[in-house]
Amino acid sequence: MMIAGLLAGLIGPRLTGSLGRTQIRTAAKNIAASLRYARSLAVSENAVYAGRFDLEENRVIIGRIEAAAAEEGGGEIFIKPKTYRLPEGVRMEIPRTENFE
C-alpha cells in the first residue's frame, strides 16, 4: 500500500472543474477513503492491493493483485477490482512542471 501512497504523491492528481469547493473536497475525500480501504484490506488479508488513477476515464480503480505480478512489477491485473468514479465536472490531471535547468 505504501507504493500506492507514493504513486499518489508522484502523480499528484489535481481535481479541477467548474464545481463548488465543497464538491471538489468531497471528491478528494472519496479518493482518500478508497485508498484507505485498500490499505485496510491489504493488512487484514495480508495481500497486495493497489490503486490506479485512470485519468482518461476519470476514475480510481482499487484491487488486489497477485504477489507474483507485484514482484515482477506488472501489477496491472486486479482481482475483483472496485471502481470509484469522480462526479461529473471533476477530473484528475497530472500537474505540469516547468523545466528549471
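The following dialogue explains how to read a few features of this predicted model.

Me: Which pattern does the protein chain follow along the sequence?

Reply: Helices (H or I, at least four residues) and strands (E, at least two) are DSSP runs, numbered from the N terminus. Here the pattern is α-β-α-β-β-α-β-β, with three helices and five strands.

Me: In what order do the three strands form the open sheet?

Reply: Strands of a sheet pair through backbone hydrogen bonds, either parallel or antiparallel. Two strands count as paired if DSSP finds at least two bridges between them. In this model the order is S2-S3-S4, with antiparallel pairing. Strands S2 (48-54) and S4 (78-85) each have a single partner strand, so one side of each is left without a neighbour in the sheet. Seven bridges join S2 to S3 (residues 59-65), and Val48 stands opposite Ile65 in S3.

Me: How many residues does the largest nonpolar core have?

Reply: In soluble globular proteins, nonpolar side chains tend to be buried together. A nonpolar core is a set of buried (under 20% relative accessible area, 1.4 Å probe, protein chains only) Ala, Val, Leu, Ile, Met, Phe, Trp, Tyr and Cys residues joined through side-chain atoms within 4.5 Å. The largest has 14 residues, and helix H2 gives the most to this core, with six residues.

Conventions
Residues are numbered from 1 along each chain as its sequence is written. This is a predicted model: local features need pLDDT of at least 70, side-chain atom pairs count only at pLDDT 80 or more; totals for chains, interfaces and linings use all residues. Side-chain values use heavy atoms; hydrogens and water are left out. Buried means under 20% relative accessible area, exposed over 50%, partly exposed in between (1.4 Å probe, protein chains only).
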